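Dear colleague,

My notes on what was found in it follow directly after.

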Amino acid sequence: MKGTNLGEFEELVLLTVGILYDDAYGLAIMDEIEKRTGRSLTISSVHKALMRLEQKGFLHSFMGGATEARGGRNKRLFTMTNTGKQALKEAKELRNQMWQAIPKVVWEGGNI
Amino acid sequence: MNDDIKNKKTPPRLANRFLRWYCRPELLDEVAGDLYELFQRRVVDKGIWKAKALYWLNVLMFLHPDYIRKREYSYPVNHIAMYKHYFTIALRTMKRQKGYTLINILGLSVGIAAFLLIVRWVQDELSFDRFHTKADRIYRVSSQVTTDTETFSQAVTSPPVALETQRYFPEVENAVRLDMNDAIVELDKEKWKEDRILLTDLSFFEIFDFHLLRGDVRTALNAPYQIILSETTARKYFGDSDPMGQTLRIYAYDPGGNGADYKVVGIIEDCPASSHFQYDLLISFKTYETYNPDRLGWFNNGLYTYLLLREGASPQALEAKLPQFLELFMGEGMKQYQTFHTYTLQPLKDIYLHSELRSEIGATGSVGYIILFLTIGVFILVLACINYINLATALAIQKTKEVGVRKVMGALRKQLVGQYLVESVCVALIALGVALLMIEGIKPFFYTVTGKFNLSLLGGNVLYFLIPLAILIGIVSGIFPALLLSRALPATVLKGQFHPKRSGDTLRKGLVMFQFAISLTLICGLLIVHEQMQYIRQKDLGYDKDRLLILRENGSQEVKDHFEAFKNDLLQQPLIQSVGCSNSMIGGGLGNSLATTEDNKGNPVSSSINKLHVDADFTTTYGITFLAGRNFSGEIASDATEAFIVNEAAVRAFGWPDAESAIGKKFNQNGEEGHIIGVVQNFHYNSLFHVVEPLFLALGDRYYSRITIRYRPADLNQVLSVVGQSWKRHFPNSLMDYSFQDESLESQYKAEQRFSQIGSTFTALSMLIACLGLFGLTSFTTRQRTKEIGIRKVLGASTTQILLLLSREFIKLVLVALLLAVPLACLGMEAWLEDFAYRITIGVWPFIIAGGSTLLVVWLTVSYQSVKAASANPVASLRSE
């Protein structure tokens, strides 16, 4: 089994799958991330991330939704598994804890 | 609806096929679908071409192990062990077949070495003037001049062009004038002759990338009689002491003829060899302006003008505006002199290879030679590869059993092909190593032949493409034998029925023929070049070019003042036959002007005519024949200003029926009026690339620049010491600068000489490679036929008959090759000969000689093996089984 830690990009993808809910497939995910972060991505990197996430058990996928706009090709639609949701929660939790661990003085512009 | 379908853009089909081919089928749908959507969106946003390109990019970016389809039937193979095995076998084969391997490696390495040298030479030729950072924006102004009788293009323009274009056209950022001189330089009573003195403006450093090592770029060359030395020149004159601020006495632009003092204001880096003009010393242009204030006008053509255009300025647009500019400044003058100029801009980078104008600033190269040599280089490499193919296919027959066994053991065809390719690549790599050693060895020879002395042969980026090149050579020459070998069917081969006749025999013959066709073409071409050069050397020039010693005055006042005494002194010597003077040497062309005279009916006619100022003894010294009239005479006072002698070509140009009728005709040239007193036979005062044009001779005033001495047959050193002693006695302060007429003439054809020298080297190489191949091939075929020879001998055939039998086949090939080579060589050499005004016609002899000698060489190569086979005892060959 591959490691179950969540990379920064993987986390973004996982979150986006959640946002898109019932239409989460490669291109839509790429668009959404680009829109929200302003980064420019390549489709292959999104696909690879999705594949990795599925291998780690965070995502579940099924085929469907062929349209004229796709030249009659099926989409691979992704939904989050419970493990995926758990992983996101843990990531957020960890972040929160670490945020709180930063002394207040840092935010008030104190120098050493 | 229909339109809709048509307008629907589809992604590039090839990319799609590629994707389908590599992508795992279960992932194909999603990937292809996403890419399709993306593509359609991009067609709208960015246009069809960009969308297609990005589609390709995306397809390629999916090349990732996770997406690549797993091949069926793939099972783990220990590739390393396999390759190790290939190498072992390759080495063993080489060891077993020492002779063939040697021939293969030798042939290939000679081919590679020759090819590399040619590539290096071409690379250098192409690199001229690229080192200037602003090279793309620098243009030389050249002019096309049209007179009544002729139109020609020259590299020179007049002094005001640089300044006025800069003032008149906003797109000209900067401009510089150059002039090339030679002069005597004196320091502490010692004198040297300097040939590469460049006269230039201050802007020289702003336009070109020559770096001033010492001195101030802003002020150096800003005043008259200032000089900048190259590093080497500085060391030559001043050694380790500081040259800055020192003076050198130079016999140039000096009003008194006794030299002028030039102050050293800077040291410049040595001129890079890849500049189309060369310098050792730079003199400020202000010097010229101070010395020649009356020669700064629009019609004093003699300077090279380079313009630096502004970023983004179009040279075509500027060129289009030049006629208007010329009209403004030179319009009146052009009408008055009936000499019309048009200006063109030559890109700096094109000058060295593409410019062939009158009065070029330095030697230029030729694209023609580059193409020719590259072709030869590629051909030599191909010849070497052919050798390999020939020998390998011939050897293939011996290897078929090995192939059969391997196949029985389960070897796949592509594995066998791989094995033989490994072998040929090995040979090619070894050959590359040997080639590099060879190049090291023939370096000095290469330098002398090409005249490029500071060329690093293996430095720079050459090495980057060597290994891939060797691998390519290995694959190209190995692929055919490999395919042929691996085709063998195990069953038939192991039964011993693989017929050599059917395996690549025709191909082998064809290749050998091709090799000899190329070699023969080269030999024929070379013989024709040689014949033409011989013709030029022996052509009657209209005067006797042997035993002529030419001394240059180099503007020395002393020589001018005491010339008569020197001449009388020389004429006392038994070795000296006569002494004549002229204002130019003959052989390299002369200046021209316009002359007006009258035709037979008394109507005025004008023609452009070359001019040469001489003294009364000039024609006798050179041995020029008079057709009519008389020579100049010292006794007739009016000769000094009113007498002219013309040549035959002038008689024809002015339309007089014969030489006699020219005598006494009025002659007007540049305001000097007089009569024609004599007609001389045409003599070649220009190289044989040019026809003899109209010429007149006139007595000059006392300012001659060349003294020609005709000496009696004697030892050269003796002549030089006699002349040298008199020179020292009369002109103690001047350097004796001499040359021999025949040598100077020879040097005009240096480029052709070099061409023929390089050509012969490569011809010899191609012949060597072809013969090496043939040698290997015959030794193989004779061995194949040992039994046949044995039987023939038993049946009573003589050694001669067998020899004939064995060599007949190859002789036939050479004859067919000759048939191919004749038209090729004829076409090529006709084109080359076209440049010469005086040339040979191509006869049969070069072809007979080339064919004959090749046949002889082929026959010798073949018979070395054949004699051995033919004289062997048949019992020995028949018993072996």
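In helix H1 of chain A, Leu12(A), Val13(A), Thr16(A), Val17(A), Ile19(A) and Leu20(A) are in contact with Ala28(A), Ile29(A), Glu32(A), Ile33(A), Arg36(A) and Thr37(A) of H2(A). Sorted by class, this contact of H1(A) with H2(A) comprises eight nonpolar, two polar and two charged residues. Please note that the model is predicted.

As to geometry, two packed helices are described by the angle between their axes and the distance between the axes. Here the axes of H1(A), residues 8-20, and H2(A), residues 26-37, come within 10 Å and cross at roughly 105 degrees. Because angles of 65 to 115 degrees count as roughly perpendicular, H1(A) is described as roughly perpendicular to H2(A).

A salt bridge also involves H1(A). Glu8(A) pairs with Arg39(A) in a salt bridge whose closest N and O atoms are 2.7 Å apart. The two residues belong to distant parts of the chain, 31 residues apart: Glu8(A) lies in helix H1 of chain A, while Arg39(A) lies in the loop between H2 and helix H3 (43-56) of chain A. Over all chains, the count comes to 44 salt bridges.

I turn now to the interface of chain B and chain A. Contact is made by 20 residues of chain B and 19 residues of chain A. The two chains bury about 1,900 Å² between them, and 55% of this area is on carbon and sulfur atoms. On the side of chain B, Asp29(B), Glu30(B) and Asp34(B) lose the most area to chain A, together accounting for 29% of what that side buries.

Five salt bridges are counted between chain B and chain A. In one of them, Arg73(A) is joined to Asp29(B), with the closest N and O atoms 3.2 Å apart. Across the same interface there are 13 residue pairs in polar contact.

Helix H3 (25-46) and helix H4 (48-61) of chain B are the elements that give two or more residues to the side touching chain A. H3(B) supplies the largest share of that side, with 14 residues. By class, the side of chain B that touches chain A has ten nonpolar, three polar and seven charged residues.

With kind regards

Methods: Residues are numbered from 1 along each chain as its sequence is written. Chains are lettered from A and ligands numbered from 1 in the order in which they are written. This is a predicted model: local features need pLDDT of at least 70, side-chain atom pairs count only at pLDDT 80 or more; totals for chains, interfaces and linings use all residues. Side-chain values use heavy atoms; hydrogens and water are left out. Contact means heavy atoms within 4.5 Å. Buried area is the accessible area (1.4 Å probe) that two parts lose on being put together, summed over both. A salt bridge is a side-chain nitrogen of Lys or Arg within 4 Å of a carboxyl oxygen of Asp or Glu. A polar contact is a pair of N or O atoms within 3.5 Å; within protein, one must be able to donate a hydrogen and the other to accept it, and residues adjacent in sequence count only if both atoms are side-chain atoms. Helices (H or I, at least four residues) and strands (E, at least two) are DSSP runs, numbered from the N terminus. Ala, Val, Leu, Ile, Met, Phe, Trp, Tyr, Cys and Pro count as nonpolar, Asp, Glu, Lys and Arg as charged, and the others, Gly among them, as polar. Axes are lines fitted to C-alpha atoms, for helices over the stretch in contact, and angles run from 0 to 180 degrees between N-to-C directions. Angles under 35 degrees count as roughly parallel, over 145 as roughly antiparallel, 65 to 115 as roughly perpendicular and the rest as oblique.
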